[in-house]
Every structure is written in structure tokens, then in C-alpha cells.
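Welcome! Please have a look at the sequence and the structure below, and then read on for a short tour.

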Amino acid sequence: METGEPLAALVEQNGSVNALAVSPDGSQLAVADNGGSVRLWTTNTWALAKTLTGHDSGVASVAFAPDGSWLAAGYYDGKIQIWNPADSIRRATLTGHGGGVNALAASPNGACLFSCGDDATVRLWDVNAGVERASLTGHTGTVTSVAIARDGTWLATGSHDSSVRLWDAVTGAPIATLTGHRGWVNAVAISPDGKWLGSASTDSTVRIWDRDSATAAATHTGHRGWFDSVAVAPTGGWLAAGNTDGTVWTFPDQGPSSSALLTRTPSGVTALTISTDGTWLAVGGDDGTVRLLERNGSAPTAVLTEHTGSVQAISVFPDGSRLATVGTDSLVNIWDIARRTLSATLSGHRNWLSSVAIAPDGTWLATGGLDEGVRIWNTSDGSLLASLKGHTGGVTSLAASADGAHLVTGSSDGRVRIWDAATRTLTATLTNHTGVTSLAVSPDGLCLAITSADGTLQVRNCETWDVTAVARADGPLSDCAWTPDSRGIVAGGTRGIYFYDYVPGA
């Protein structure tokens, strides 16, 4: 766990691995391969526990029951097999699809299984009886994905026919057809409260749909780059996202109901932050400038130009009077907001800087970068308080705990380290991350959000550091921020902006 190496390499598969599923209790990992086998691995020892065989066709999809009592595997030949993971006994073979079974989803109560396939159908199965209850037709191309609402009353499917369809999960009756994509729909997902859903397509867009009106609530498209930075207004109500194509967008902070182009800068946006009172924002660019913009104004009120390299991170002091910026010139610049002037420059790092964090009381700030070190500075006189060593890769992100007692550091080495801010000693090391890209402590101080280059968003408890939630985007994530109520997380990445609800204990 301390080496940063993989926990295990599972090499018993027969051909390419096509699908994975984790059992509800987290004790088993199901791995489906092209050779027709599903292997169950124990997650505490990563030993092979069972191999489910007896079919000649490759496995395309796999899903556990919500209580873990059964496992479903969908095959290229259109068959579905239901297995008992405890004793490896095959309970049923379901036939009906005329092509490969691309995705599976279990109803919340575990009584039903939904499947979709190359034959353009979605099928509803009674798992206990082992029979088909309904065949949902309407798609005119391969159905690639299926998602069920948490209350079990409706489901969504995506297809190569470029549409998303909504269905009644009890009767199988069609509810709505959502159109607008101009390419294959490869994935669908439903929000935890069931009020909206998202769809991803080969047309390079992610569309957000309102469930009740069955209309697109937001479509984030037309960008030449990716969203490298996001920030939520501390006062609530809105957030901003910066794109490497030079655009800055604003959104409501409680969901993707709308978006607006705030400004277009002459260089890629590499960092941004919002003022403590939520009235203005600072935007850093790869041209070395920091632009100050009013919340509703597209023209900058000031352009700060002292950096000689790309600006990589920006942070506002808690009292809103100063701004700290770091960049590829290895310098830390402190700015007086009222005067729009440079008040101090801190030097000492030997390589690019990529992160900065300020203590809640504003007495110290931390910086990190490609030299693998973290430096803590006294903000009153600019003196160096400490240098923290331990990461074996560039330090990509920093965050101070809500009470200022701890500093959290993230690195490309895949580790998150927790430091005592007073003694500057290491208190914990968190692993199982792939290239940490950003950190954010929730406003209530209870949770830490971590994004990684593999598209994973992980939430940990700030007392025990245990994982409380995991989500995965369809591309690398670059930045994240909490909503002021600590119940939502916004993340930006190569494929767009993602909105996540966070319900403690859910």
C-alpha cells in the first residue's frame, strides 16, 4: 500500500477483458472475458475464488444483484446466464436476444433484470422464474446502455440510432424518446434523485435531460479543448468552469440546468477561482496573465501580468483582500486585489508550480509542483516555514482542512498525503489513486474529494479517511469543487463538466 504499485495483477483471464462488476459488499470482483468465462476474485487477498464457465461465446456484460445473491452475464451470442456466486451454480439461462448482450442492470429489489443488445431491443426478465416478461422495442439500432432510476419505476437506454429512450420499468411501456445527438449514444446515467439524466455520444457531446419535460436541459459542446478548472461561488448559486480553448462558462451550482459563456480569453484557461463574496473571479491563462472579471461582465477589470510562464493555480485569501497565483515560472505571486498590484513574490521551488492552498485563517499558504516538494510560507512576511518531502511524483494539488489543522497533498505518484499543519509531520498516506489531479475539502469539513487522471472521483471521510463514495467519468478529470452546502461536487475534465450529488451514508 505504501509503494504506489498496483495492489494486484489478475492474469488468469482468457482473452480480452470486456466487463467488470464489484459485488455490493465489496468482497468480490467479477471479471468477464472474451473466452466465455467470468472469474470471481476476492478483494481482500486478490485470490481467484471461482470461475464460471460452460459457455463458448465471449462475455460482453456482467452485473450483480443489489443483495449479491445472483450474478448475471451477457454473451455475444445473445444468451444471459444467471449464477449463484456463492456456489457457482448456474440458476438459469435466458434466451431471446438476437445479438450480443451489451449491458445489464438489476432492478433495485433484485427481482428483475434489464438487458439490451445488438438486436435493438431492451428486455425485462423475471430472475426468480427465469423467464422474459417484456421486450421493449422502438430503437432502430444497437442498444448500448441501460440505467435504472433508484426508485425502480423507470429506465433509460441509449442506442446507435442516436436516441435516448425512457421506459416504464414495471410495464415496459415507452415514456419518451429524447433526440438531439448526432452520433451513437454510448452511455446513459440517471441522477440519484431521478430528476435528470445524462447521455454521452460519439458526436463529442454530453447532453443533460430534464426527466419530467423530457427535454435537453444542457448540452456542453463545441469546445476545442477540455475543462481544466472549476470553482463554485462560496456564497452559492453559481459556478465557473474554464476551458483550454480560452472560454469561461458559468452554470448554476445545483445542477446542469443551463450554461452561459462568460468570456473568451486570448489563451487557454489553466486556472480560476471565485472571490469570497461571489462577485468576481480570477482567470489564469497559459499566456501568464491573470484576468479579473466581474460576475456578469465579459471584459476584464484588470489584467495581472507578472508571471513569465503559464499560470497553473489561483487561490483567494479568506478575507478577500489578496490573491495567490503560481505558475510554470516556479514563482508564487501575492496580489493586492484593491490596488491590482503585486505585493510579494516567493521563490525557492526548482521546477514548475501547479498548486496553491491557503490556511482558513490566512496565516500560511502551501505550494507544490514538479520538484515533488511542498513548501509552507508565512503570509505576513513571506518567510519559508517548512519544506515537506515524501512524494515521488509532481505535487498536483493541495487543500487545507476546514479547521486549518491539516494540509492535504496530492501527487502524480497516485498518493494523497495528510500532514499536521502545526508540526509539519506526515499523519496518513492514502493510496489506490491513479495520478491525483485535484483535491477539495467540503465546506463543512467532513469530506475530501479527490479526482484522478483515470476519470475517478473519490470521496473520503476526513476523520477516518475511509472511502465513502466513488464515481467515474468517461475521461480524465482535472479539477473539482464542492457546493456550499457540501451536498454536491462539480468536476471538470476532458469530456465536459460533471455534476454529482453527494448524500452521506447513501
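## A strand and its partners

Five bridges join β14 to strand β15 (residues 164-168), and the two run antiparallel. Strands here are DSSP runs (E, at least two residues), numbered from the N terminus, and two strands pair if DSSP finds at least two bridges between them. Across this pairing, Thr157 stands opposite Arg165 in β15. The hairpin of β14 and β15 has four residues between the strands, and Ser162 there takes a positive phi near 75 degrees.

β14 also pairs with strand β13 (residues 143-148), in the antiparallel sense and over five bridges. Here Ser145 is opposite Gly158 in β14. Five residues lie between the strands of this hairpin, where Gly152 has a positive phi near 75 degrees.

## About the model

This is a predicted model, in which local features need pLDDT of at least 70, side-chain atom pairs count only at pLDDT 80 or more, and totals for chains, interfaces and linings use all residues. Residues are numbered from 1 along each chain as its sequence is written, and side-chain values use heavy atoms, with hydrogens and water left out.

## How covered is β14?

Strand β14 spans residues 154-159, and six of its six residues are buried (under 20% relative accessible area; exposed is over 50%, partly exposed in between, with a 1.4 Å probe and protein chains only). Trp154, Ala156 and Gly158 point one way, while Leu155, Thr157 and Ser159 point the other way.

## Two loop residues

Ser330 is not a glycine, yet has a positive phi of about 70 degrees. Ser330 sits in the loop between β30 (322-327) and β31 (332-336), and is buried, with a relative accessible area of 13%.

Arg424, in the loop between β39 (416-420) and β40 (426-430), has a positive phi near 60 degrees. Arg424 is partly exposed, at 27% relative accessible area.
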